[in-house]
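Here's a quick tour of this protein chain, meant to be read with the model open beside you.

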Amino acid sequence: MSDNTLWVKNLQATYFQEFGNGFYGQVYGGYLETMFAGAGGELLYRPLNRNWAISADINLVSQRDPRSAFGVFDQEDQNIPEFGRPFKAAVNQTTGFVTGYYMPQWSFLDSTLFKVGFGQFLAGDVGTRLDFSKQFKSGVIAGAYASFTNLSSEEFGEGSFTKGFYVSIPFDIMTVKPSANRAFFNWQPLTRDGGQMLGRKYELFSVTDARSPWTSRPSKVD
């Protein structure tokens with residue numbers, strides 16, 4: 001593997017725009033996550049004080065070369081001895097989703113969020129990402145997600161489909177001073193090429209949380 005001591009996880013330029021009437025946009029480019037670099041954009045419609053929103057994002061990305069801090073692969077077919085067997089790298093791969101957000105107002109599903117996205121994943125497979133999360137009185141959010149794509153179980157390999165869960169903990173419950181920051185922990189038991197989404201730094205639903213608070217809603221601890 002690489003002998004580099006420097007590794008840049010994220011280095012990007014981002015421009016946000018509020019269009020009015022509940023419409024928001026962003027465009028970005030650079031090193032978008034640990035494994036991919038490229039450019040993309042997102043458009044969100046989120047009415048004020050409503051329990052739903054919808055967004056669409058599109059991205060053009062290439063897989064980063066782990067042998068350097070800033071390099072990317074320029075050819076799909078790769079045969080690098082230190083990586084073992086030959087493999088295909090994502091080069092100028094298109095990925096993007098239309099995602100719906102819904103916060104039920106039913107008593108038995110209080111303080112929950114449903115996210116349903118449909119689009120193309122990083123490996124070129126097409127399908128749906130389902131995400132359900134629950135916020136507790138302390139402000140801690142726990143959620144689970146699963147991706148179902150047009151890959152067969154045999155093509156995907158062990159595990160059949162992508163799934164995992166996460167926990168988001170507000171700093172407020174660990175510090176004396178008020179804070180809007182959170183600690184995020186994600187666990188995905190098996191990692192396969194299929195069903196993987198781009199780990200974008202910003203999602204407009206989170207950026208516009210004040211429109212109808214989800215992560216920033218006050219805790220209900222007595």
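## Two exposed asparagines

Asn 21 counts as exposed, at 73% relative accessibility; exposed means over 50% relative accessible area, buried under 20%, and partly exposed in between (1.4 Å probe, protein chains only). Asn 21 sits in the loop between β1 and β2 and has a positive phi of about 60°, although it is not a glycine.

Asn 92 is another non-glycine residue with a positive phi, near 50°. You'll find Asn 92 in the loop between β6 (87–88) and β7, and it is exposed too, with a relative accessible area of 52%.

A word on the ground rules: this is a predicted model, local features need pLDDT of at least 70, side-chain atom pairs count only at pLDDT 80 or more, and totals for chains, interfaces and linings use all residues. Residues are numbered from 1 along each chain as its sequence is written, and side-chain values use heavy atoms, with hydrogens and water left out.

Strands here are DSSP runs of E with at least two residues, numbered from the N terminus, and two of them pair if DSSP finds at least two bridges between them. β1 (residues 11–20) and β2 (residues 23–31) run antiparallel and are joined by nine bridges. Glu 18 stands opposite Tyr 24 in β2, and the hairpin of β1 and β2 has two residues between the strands.

On to the next pairing: β2 is joined to β3 (residues 36–45) by nine bridges, again antiparallel. Tyr 28 faces Gly 40 in β3, and this hairpin has four residues between its strands.

## Inside: the cores

What makes up the largest nonpolar core? Ten residues do, including Tyr 24, Leu 44, Met 103, Leu 204 and Trp 214. A nonpolar core is a set of buried Ala, Val, Leu, Ile, Met, Phe, Trp, Tyr and Cys residues joined through side-chain atoms within 4.5 Å. Apart from that one lies another core of seven residues, among them Tyr 28, Phe 36, Val 61 and Leu 198.

Leaving aside neighbours within four places in sequence, Leu 204 is in contact (heavy atoms within 4.5 Å) with Phe 16, Tyr 24, Gly 25, Gln 26, Glu 42, Leu 43 and Leu 44.

Trp 52 lies in strand β4 and is partly exposed, with a relative accessible area of 33%.
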